[in-house]
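Please keep the sequence and the structure in view while reading.

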Amino acid sequence: MIREPRSVFVGRHRELALLQGLLEVSQLVTLTGVGGAGKTRLALRAANLYAETSGIDGWFVSLESVQDSQRLPRAVVRALGLADQSARDPLDVVVEALRDRPTVLIIDNCEHIIDAAASFIDELLLALPDLTVLATSRRPLELDGERVFAVPPLSAEPIVGPTHDELPDAVSLLVARARAADAAFELGPHDAEAAAELCRALDGLPLAIELAATRLRTLSITDLTSRLSSRFTLLRGGSRSAVSRQRTLRAVVDWSYELCTPEQRELWSALSVFSGPFDLAAASAVAEGRDVLDSLDELVAQSVVEADPETGRFRMLETIRRYGRDRAEEDGRWPGLTRRHLDHYAAVAAESCDNWYGPGQAETLARLRADRAELQSALTTASAIDTDGALDLFTNLRYHWAVGGFIPEGRAWAARLLALPKPSPVHRVPALVNAAWLALLQGDLAEAAGRLDEAEEQATESSLTPERLGTFRVELHRWRGTLANFAGRPTDAVREFEVSIRAAQEGGHPEEALLAQFQLTAALSHLRESGAARTASEALAYTETVDDNWMRAHAQWAIALAAFVDDDLDAAERHARQGMVDERGFDDPVGECLMLEVICWVEAERGAAERAAILLGATDARWRSIGSAISAFGPHLGAHHDRCVATLQRLLGGKGYERFFARGGHLGPLEAVSLALEDKPSDAGGLSAREHEVAMRIHRGMSNRDIAEELVLSVRTVDTHVQRILGKLGFASRAQIAAWYEATLSTEPIT
């Protein structure tokens, strides 16, 4: 058995199981990972388990103190206890000693003499077919037949097990090492999440967690977490038996830094400007546009940067990022890095806005969501050094906020940035207009009105170019129309929308008319005007020419609303469902909720009460997630919603409605959309809501007289409803109605 440290080994059950499988099928397994990830400790335990299971010998060779690659073979000879003083080649000595002796050999810390280590291991494996090598290195050896196992950080997430008191591996390690430093240490009943948060902040790195544990002798978990901005001075000490470079967190990362070339070190510092995942274009931008691919590839190989092949993005652990930032600040490079970071993401935002209408909208939103952390950082930087730049960045993120589902976040930034001193009206006016849109989407009509009034006043007094002034007029009248519509003044809304549409089309920007066109149809529907769907249909036709799915979906919604108001339930459902199909991939909560509302109203009118209540519950949860509600979009839509609720409560009863509504609240956005789009498991047979009520009571075994008394109707009216139900369903008896209801529309809980 290879000697392991006396401290208790914690967790890593999954990793050990995977390594046993790899060792059984491969002669060479290399554990890679950033410094402090626990490669050596894991290798020791894995090798011992494999040796014990296989009945073979195990040896450990540390290359840490070997700085001259020429001395590597002799270091292996000494580690194996081979007292050979002859002039023979050390490789021959090792081969002779291990020949015919199945062995697992750990060769630890190969990274600083990687070429020599790879060459020596390759020759060993060629000469010894019964030898298994388990190497540890911050980068792969890149040998034929090598199986690379990237050692992951310890998890700080709760373990799902048979008991409720199982701690995550990271927290278990923290507790074990804290108790080793202070036998009286106990993790309080309310400290588990704080401990998990500490471990997450330490990136789940075992070494960082072990060093942090010694600080728990004098600091609480919360206090320790709050001090991690100075982690490299805070996390030092540890076991005296540890090698010198593992006595402090700084020394461990220093070791990785020294192994890098000057170009790689410079890129490491540059990449530390990113708060979250980043792509290759962003990496090149902060590195002053240089070709960084080779250096980035080396940093990935050395476990400094993590790559995600599926997304094409990269990330750094917070400890590694913090180290790079310290280096950049020491070298005076940090201000330049943050400026280039800001410029890059300002360009990303501008592109997303300028090229919004047309194909690629879903991909644009997905990219902005992926860049969310960096956009936040860029806004923070701009708010400190460039007020006008910050306002422009906020404005250019309009679709990220309003369509991407970050409305509360956008409004918070609006309040913060519009309070900055000395803005230029040229930049402040568009930001005010954008802030008004976000306020409207949450039903804050007073704030929206104030923002629009201020924008109009400043636009009048400022020297906007004719083009900017034209764009402003289109948006001002559009959002004033929206404000009027949401305030229950559809006549005023119609007038404002018509002005906005005309200004956009006469200005040569028909795409900017689309938002007003579909809303004009909504306003005309509220007025119950004939032909209300015309302008939305025109918008729909235009979207077909430019392949714009987002506005196509909203035009479909407006047409669906007009059809619903005209009692054309089939058309209303068809257009609302098509709108949801057009918006697939957008994750646009406002659009999805508006279309779900119409589908719920249609289902309620048809008597499909359970399905409607479930969808309404899902829609309510989605509204709440963005801090809005259907009532924010005006009293007319709110009235349709309220009638739907009243109908469902009448059909299902108060408790039944609440049961199905609550069930819908547990659906995720994708589940709700899928439910709305899937073929209905039941068919209401074209029955009206009242006919559905009658059929439900026939199913209960009630006579026509009993039904009349309960629904406060005349017996003759109930007789008429029964005859219509029989005719619609093609049945000849009440028993058939009852059986049909049992099979298709029973209100028993859905399993």
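A salt bridge, as the term is used here, is a side-chain nitrogen of Lys or Arg within 4 Å of a carboxyl oxygen of Asp or Glu. By that criterion, E409 and R372 form a salt bridge through their side chains, with an N to O distance of 2.4 Å. The model is a predicted one, and the points below go from the whole chain to individual pairs.

**The chain as a whole**

- The chain contains 37 helices together with seven strands, and its C-alpha atoms fill a box of roughly 115 × 75 × 50 Å when this is taken along the principal axes.
- Of the 751 residues in the chain, 55% are buried, while the chain exposes about 32500 Å², of which carbon and sulfur atoms supply 50%.
- When contacts between residues at least 6 apart in sequence are considered, 71% of them join residues that are at least 24 apart.

**Charges**

- The chain carries 79 positive and 110 negative charges, and the mean positions of these two sets are 4 Å apart.
- In total, the structure holds 49 salt bridges, and the pairs described below are among them.

**The pair E409 and R372**

- The salt bridge between E409 and R372 starts from helix α21 (residues 407-417), where E409 lies, and reaches R372 in helix α18 (residues 372-385), so the pair ties together parts of the chain that are 37 residues apart in sequence.
- E409 counts as buried because its relative accessibility is 15%, whereas R372, with a relative accessible area of 34%, is partly exposed.

**The pair R333 and E266**

- R333 and E266 also form a salt bridge, in which the closest N and O atoms are 3.9 Å apart.
- Because R333 is in the loop between α15 (318-330) and α16 (334-354) and E266 is in helix α12 (residues 262-271), this pair ties together parts that are 67 residues apart in sequence.
- E266 has a relative accessible area of 31% and is therefore partly exposed.

**The pair D57 and R101**

- The side chains of D57 and R101 meet in a salt bridge with an N to O distance of 3.0 Å.
- This pair links distant parts of the chain, 44 residues apart, with D57 in strand β2 (residues 57-62) and R101 in the loop between α4 (90-98) and β3 (103-108).
- D57 counts as partly exposed at 34% relative accessibility, and R101 likewise counts as partly exposed, at 32%.

Methods
Residues numbered from 1 in each chain as written. Predicted model: local features only at pLDDT ≥ 70, side-chain atom pairs only at ≥ 80, totals over all residues. Heavy atoms only, no water. Helix = DSSP H or I, 4+ residues; strand = E, 2+ residues; numbered from the N terminus. Buried < 20%, exposed > 50% of the residue type's maximum accessible area, 1.4 Å probe, protein only. Contact = heavy atoms within 4.5 Å. Areas by Shrake-Rupley, 256 points an atom, 1.4 Å probe, with all protein chains shown as cover. Lys, Arg positive; Asp, Glu negative; His and termini not counted. Charge placed at Lys NZ, Arg CZ, Asp CG, Glu CD.
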